Amino acid sequence: MTIVVAFLVLVIGIAAWWLSTQRIMSKPWLEIGVIDEPPGAGPPAAAKIGLCVFLAVAGVLFALSISAYSMRLQAADWWPLPAPRLLWFNTGLLILASATLEWTKAQSRHASLDGVRFGLVGAGVFTLAFVVGQLVVWRELVEEGYFLASNPANAFFYLMTGLHGLHVMGGLVALARVTLRAFSADEVGVERGKLRLGVELCAIYWHFLLVVWLVLFALIAGWAGDFFEICRQALS
Amino acid sequence: MVDVPLGVAGVPPAEVEDVELYHPKSWVTHYVFSQDAKIIAVQYSVTALSIGLVALMLSWLMRLQLAFPGALSFIDADAYYQLITMHGMMMVVYVLTALFLGGFGNYLIPLMLGARDMVFPYANMLSFWFYLLAVVVLFASFAVPGGPTGAGWTLYPPQSITAGTPGLAWGIVMMLVSLMIFIVGFTMGGLNYVVTVLQGRTRGMTLMRMPLTVWGIFTASVMALLAFPALFVGAVMMLFDRLLGTSFFMPEIIEQGARLPYGGGSPILFQHLFWFFGHPEVYIVALPAFGIVSDLISVHARRNIFGYRMMVWAIVAIGALSFVVWAHHMYVSGMNPYFGFFFATTTLIIAIPTAIKVYNWVLTLWRGDIHLTTPMLFALAFIVTFVNGGLTGLFLGNVVVDVPLSDTMFVVAHFHMVMGVAPILVIFGAIYHWYPKVTGRLLSVPLGQFHFWVTFLGAYLIFFPMHYLGLMGVPRRYYEMGETAIYPPSAHDLNIFITVMALLVGAAQLAFVFNLIWSLRHGRGAGGNPWRACSLEWQTSATPPPHGNFGKELPIVYRWAYDYNVPGAPEDFIPQNQPPLAGEIASRAP
């Protein structure tokens, strides 16, 4: 459970930092009159705050699975399954999707609608390929006899890749909506602000998915075992 | 020194961007599939209160079995476990969490902050329908073969998914699925509550001017968003164990000579996941109650809340601390004594911010102009009850005291006082307080007083003797004491007494239900601000508040929510949207 506590400390730290910018030392009983927000661009869009809060929630979900994984890892009957080579290829696809969305974000700032359309479709294709790739990995493993129930290592592998895959597919739904919006928007429509925001949110979410995947991949490939061992020795 | 830019009367309300409001077009989209937070709040509250009545009846059946074993032929050991499980799960998750966050959160957050609605109304609507679906799945488990699960509300594996526990075939699956649906639904609602507080406040409503009710609900929503995933992960893993034969939680088990196909799982892992959710859950229920009580006391004692800043900091501190105390539910699980020491320490540290809150409530009452209205009675009763329940918490928080008391009726008495009776008293108080805003009519006072005294005194007559039973060693979760000679006859007599009291208190709730329905048509008209309160929900253009909450322009906030009995003011309260009075700015200078 150390991992999830560490993650929470991070979240609480961010919350504490944010609270410290909100005049929590003020004495509201002495203050009469309108207090305006600190000068600046005003509060960010609701959808953006919403996404960030959601990322904290999804982050706890993954941190908890990893915590459980690390607790279970210590038992003697843990036979790690081999990391299929296809996972490397899938990782590359997800990196490409994430990078494409970052590029698309830049395009939307330069107000290049064609670029945005191209980028969104590209990111969608890469991500779909990633999902298909993950399914192929599952099939390969099952064909080689690594069933869900035959070992805890397998169970955790399918659970964590499955959870991640579901989050990717949820993201694809959002991406599809933004793509539709991009194709129905005209050059100078009012929708442009909404489109830019949508692209930005997708980019943030994809970076999050990528980071989570890299951590999970490190666990699956077995590098994290050494890391846990070092931590355990440092703590004991 | 206060370096606040002081505004003058007549500041334009601009700056707050006009939100595109969703406009209902038909009766169905107005009252059924509504995206208006106020309607959703009522939907949540009515559903949760109805489930509360069902859970109350389940507890009657349990009490009848304990007092008169065998009197009801349909209650055998299995049925008793099913009653325990469903009562506990319903009350904790589907009643208290849903009512405080889904009910009061939806109603009060936009109104108190001067917002037109929640920021994501569509997700807010979905949140309620997911909740309702979760409830339907939960209740459907009464009808499936084998009945609902009897694993206890903690659902500890391996017993929850091995033979011998009722509801093994269907019940446990329905329970886990229902919880997962609830969590998905809550996440949509919770994002709304949090983001509305962060982003939807009207002009002048700084965080430190929010009423404490909003602080409580906000902090509890953040906690729930971070804690429920633990239950979700636990539920998914257990569902895998039960349906797909994995062994996340299931160790090697020999059952009647045969080896089960499981092996190598860790039951303790589930306990960690469960209580990582379960302990914050206590404060998810308690923090909104703290906030609401602060507001009730301040309004009905006509005094500003004492130590507002400390109250806010205490709420936040309790929220953060409650994530590092979960293992105090696991003292008897064979953990490392050093862990036990650590968790006992963090548990006792929580008493500090909690005590600060209690002192501040009492100091708010000190020399106040106390009006013993029905909401105020419930608020005062909450303070007493919460202190009582909290004191036994100090017993159970210590490892050496907890070990002999673990799994006795003492624990049952403790958690019912602290997170059963206490929050429910607040719920009643809050309903008596805000019902006039929701419906435009006051609840009947005589009925309310009757309801209060029977509920308050009755709850003590139920749960105080239970502490004593626990100290005698009477275990919880036993469906009868049987022929055990170690309990004196007085223990049996006490059980009968508790049961009679439980029946009386339960029946008295009918007065409350009747009051809710009767006053809808026949209650005295309330006007816009019957309690003469400062916060924004009482300053709406009409009562009940129309779609969009406020009139053409959103209110501007000039002051905090607790300006009661300000010297020199014409009335004994100054609404939050009242521009500075003549000479007021100078008189407030420190």
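1. Start with how H5(A) and H6(A) cross: the crossing is left-handed. Keep in mind that this is a predicted model. H5 covers residues 152-184 of chain A and H6 covers residues 192-221, and the two pack at an angle of about 165° with their axes 10 Å apart. An angle over 145 degrees counts as roughly antiparallel, so that is the label for H5(A) and H6(A).

2. Who makes that contact? On the H5(A) side you'll find, among others, A:Phe157, A:Met160, A:His164, A:Val168, A:Leu175 and A:Val178. H6(A) answers with residues including A:Leu195, A:Val199, A:Tyr205, A:Trp206, A:Leu209 and A:Trp213. Sorted by class, the contact has 17 nonpolar, four polar and two charged residues. While you're looking at it, remember that an α-helix has 3.6 residues a turn, so residues three or four places apart point the same way.

3. Now hop over to chain B for another helix pair. H7(B), residues 267-300, packs with H13(B) at an angle of about 40°, their axes 9 Å apart. These two are therefore oblique to each other. H7(B) passes H13(B) in a left-handed crossing.

4. The H7(B) side of this contact consists of B:Val282, B:Val285, B:Ala286, B:Ala289, B:Ile292, B:Val293 and B:Leu296. Facing them from H13(B) are B:Met419, B:Ala422, B:Pro423, B:Val426, B:Gly429, B:Ala430 and B:His433.

5. Is H5(B) mostly covered or mostly uncovered? Mostly covered, with 24 of the 29 residues buried.

6. Next, the place where the chains meet. Chain A puts 41 residues into the contact and chain B puts in 53. On the chain A side, the elements giving two or more residues are H1 (2-20), H2 (46-72) and H5. Which of them gives the most? That's H2(A), with 14 residues. The chain A side as a whole has 30 nonpolar, five polar and six charged residues.

7. B:Pro158 sits in the loop between H4 (121-140) and H5 (171-199) of chain B. You'll find B:Pro544 in the loop between H15 (489-522) and H16 (584-588) of chain B.

8. Last, look at two backbone phi angles. B:Asp407 has a positive phi of about 60° although it is not a glycine. B:Asp407 belongs to the loop between H12 (399-405) and H13 (409-439) of chain B. B:Arg532 isn't a glycine either, and its phi is positive too, at about 50°. B:Arg532 is in the loop between H15 and H16 of chain B.

Notes
Residues numbered from 1 in each chain as written. Chains lettered and ligands numbered in written order. Predicted model: local features only at pLDDT ≥ 70, side-chain atom pairs only at ≥ 80, totals over all residues. Axes fitted to C-alpha atoms, helices over the stretch in contact; angles between N-to-C directions. Helix = DSSP H or I, 4+ residues; strand = E, 2+ residues; numbered from the N terminus. Parallel < 35°, antiparallel > 145°, perpendicular 65-115°, else oblique. Left-handed = near helix turned anticlockwise from the far one by under 90°. Contact = placed C-beta atoms within 7 Å. Nonpolar A, V, L, I, M, F, W, Y, C, P; charged D, E, K, R; others polar. Buried ≥ 20, exposed ≤ 12 C-beta atoms within 10 Å, placed from the backbone.
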